Amino acid sequence: YLSETQNCLIKSTPMATIISGTGSYIPSIIKTNLAFAENTFYGEDGELIKTPNAEIVEKFKDITGIYERRYAEENMNTSEMASKAAELAIQDAGIDPETIDQIIVAHNFGDVLPGTIQTDTIPAIASRVKHQLGIKNPNCVAYDILFGCPGWIQGVIQADSFIKSGMAKRCLVIGAETLSRVVDSHDRDSMIFSDGAGACIVEEDANTTSGILASSVQSHCVDEAYFLYLGKSYHPEGDEATRYIKMKGRKVYEYAIKNVPLAMKECIEKAGVNIHDVKKFFLHQANEKMDEGFIKALYKLYDIKTAPENIMPMSIHDLGNSSVATIPTLYDLVKKGKYKEHQLHKGDIVIFASVGAGMNINAICYRV
């Protein structure tokens with residue numbers, strides 16, 4: 001015989017995990033591709049690249065789709081951008097910040113002061129955000145996660161797990177980064193990176209059909225572990241002791257184009273969703289051609305030759321690659337009508353997916 005408590009549990013409605021509010025901070029400094037015309041670029045071997053910069057920049061735009069990006073103001077750092085995005089997400093959700101159980105901040109380099117290239121993570125960025133938001137509740141636990149560019153999605157997955165386990169009811173998840181302060185100006189890849197912050201409130205809701213349907217996560221750390229790393233400047237006379245973000249671009253592309261579609265397919269199947277029911281894909285904004293390749297490869301796995309039109313919002317063209325901030329920022333902008341060609345409606349099924357340093361991959365299937 002079942003106890004009265006067990007009967008109540010069986011009869012109760014399954015708790016859904018929803019994104020109840022979003023916010024983003026877009027830095028005001030715009031840096032166009034033309035701003036790199038005066039740079040002196042070197043290869044990984046330290047040899048001067050003799051191709052004219054105008055040609056380098058044009059080829060870069062054709063591949064990545066980036067024609068400008070945003071940099072943080074000199075008086076703004078990662079934690080402050082994170083706090084500003086968080087304030088907007090809290091307002092959007094209409095909640096009291098003192099009711100937040102966890103603050104999860106995804107980043108890679110912490111607060112980086114302009115001109116120092118030294119990362120600062122003591123205290124944790126999440127602790128700084130909690131301080132800046134003025135949250136006094138000691139039961140609101142603040143911590144950071146390092147998971148490369150997929151960090152924000154991983155934070156949402158963690159929040160979902162805590163909520164479904166009963167250990168939390170409401171979490172604030174943020175992705176924030178100031179990559180402009182850790183790039184080597186002599187490396188062509190420096191043109192990819194940018195700054196920004198995106199945040200969301202993730203909470204339980206028993207009275208909705210919306211919510212997280214499934215997730216998938218993988219880490220490949222054998223041959224792939226150092227596809228992104230910190231290394232010295234490509235300038236032959238660069239300081240050996242100073243490290244900048246570096247990327248083996250071709251290897252990252254080959255790895256991602258093979259594995260990201262598989263992770264998305266696994267997530268869709270775990271959710272029991274038909275590929276034809278997916279309305280939008282919110283992908284990490286790293287490279288326009290690569291993201292287009294993800295979608296094409298995913299539909300090919302379902303023996304579908306052509307993906308639906310207008311299914312993939314993109315912000316990379318004018319915002320660049322702000323790592324952990326790209327997806328939450330893009331989702332917030334679409335949700336709030338900033339991209340008129342992309343609309344979200346109640347009940348729409350969307351996919352979040354990302355890939356980055358580690359190498360790590362993850363995806364979430366979410367019903368709006």
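## Cavities, pockets and aromatic contacts

In this predicted model, two cavities of 30 Å³ or more are found. The largest cavity has a volume of about 70 Å³. Its lining is made up of 13 residues, and those closest to the cavity centre are Ile26, Asp195, Leu319, Ser322 and Thr329. Two elements, strand E9 (195-205) and helix H9 (326-335), each supply at least two residues of this lining. Sorted by class, the lining of the largest cavity holds four nonpolar, seven polar and two charged residues.

The second largest cavity has a volume of about 30 Å³. Lining this second cavity are Cys149, Trp152, Ile153, His284, Ser323, Val324, Thr326, Ile327, Pro328 and Ser354. Helix H5 (151-165) and H9 each give at least two residues to that lining, and H9 contributes the most, with three residues. By class, the lining of the second largest cavity splits into six nonpolar, four polar and no charged residues.

Turning to the open spaces, the largest pocket holds about 980 Å³. A set of 35 residues lines the largest pocket, and Asp189, Ile192, Met247, Gly249 and Arg250 are the ones nearest its centre. Two or more lining residues come from each of helix H2 (53-64), helix H6 (249-271), helix H7 (288-301) and strand E14 (349-356). H2 gives the most to this lining, with six residues. The lining of the largest pocket comprises 18 nonpolar, eight polar and nine charged residues.

The second largest pocket contains about 270 Å³ of space. It is lined by 16 residues, with Asn108, Phe109, Gly148, Ile245 and Ala357 closest to its centre. The elements that supply two or more residues here are E11 and E12, and the largest share, three residues, comes from E11. By class, this lining has 11 nonpolar, four polar and one charged residues.

Leaving aside residues up to four places away in sequence, Lys232 touches Asp184, Gly238, Asp239, Glu240, Thr242, Arg243, Tyr244 and Lys246. A polar atom of the Lys232 side chain lies 3.4 Å from the backbone oxygen of His235. The C-alpha atoms of Lys232 and Glu44 are 9.7 Å apart, although 188 residues separate the two along the chain.

Just after H4, Gly134 adopts a positive phi of about 75°.

The structure contains seven aromatic pairs. One of them joins Phe282 and Tyr331, whose ring centres are 5.2 Å apart and whose planes meet at 90°, so this pair is edge-to-face. Phe282 sits in strand E13 (residues 278-283) and Tyr331 in helix H9, so that the pair links distant parts of the chain, 49 residues apart. Both partners lie under the 20% limit for burial: Phe282 is buried at 0% relative accessibility, and Tyr331 is buried with a relative accessible area of 3%.

Phe282 forms a further aromatic pair with Phe352, and this one is tilted, at 5.6 Å centre to centre and 35° between the planes. Because Phe282 lies in strand E13 and Phe352 in strand E14, the pair ties together parts that are 70 residues apart in sequence. Phe282 and Phe352 are both buried. Which residues form one aromatic cluster? The members are Trp152, Phe282, Tyr331, Phe352 and Tyr366.

Conventions
Residues are numbered from 1 along each chain as its sequence is written. This is a predicted model: local features need pLDDT of at least 70, side-chain atom pairs count only at pLDDT 80 or more; totals for chains, interfaces and linings use all residues. Side-chain values use heavy atoms; hydrogens and water are left out. Contact means heavy atoms within 4.5 Å. A polar contact is a pair of N or O atoms within 3.5 Å; within protein, one must be able to donate a hydrogen and the other to accept it, and residues adjacent in sequence count only if both atoms are side-chain atoms. On a 1 Å grid over the protein atoms alone, a cavity is a set of points where a 1.4 Å probe fits but cannot get out, and a pocket is an open set with protein on both sides within 12 Å along at least five of seven lines; lining residues have an atom within 4 Å of a point. Grid points are joined across faces, edges and corners, and a volume is the space filled by probe spheres set on the points. Helices (H or I, at least four residues) and strands (E, at least two) are DSSP runs, numbered from the N terminus. Ala, Val, Leu, Ile, Met, Phe, Trp, Tyr, Cys and Pro count as nonpolar, Asp, Glu, Lys and Arg as charged, and the others, Gly among them, as polar. Rings of Phe, Tyr and Trp (its six-membered ring) pair if their centres lie within 6.5 Å; planes under 30 degrees apart count as stacked, over 60 as edge-to-face and the rest as tilted. Buried means under 20% relative accessible area, exposed over 50%, partly exposed in between (1.4 Å probe, protein chains only).
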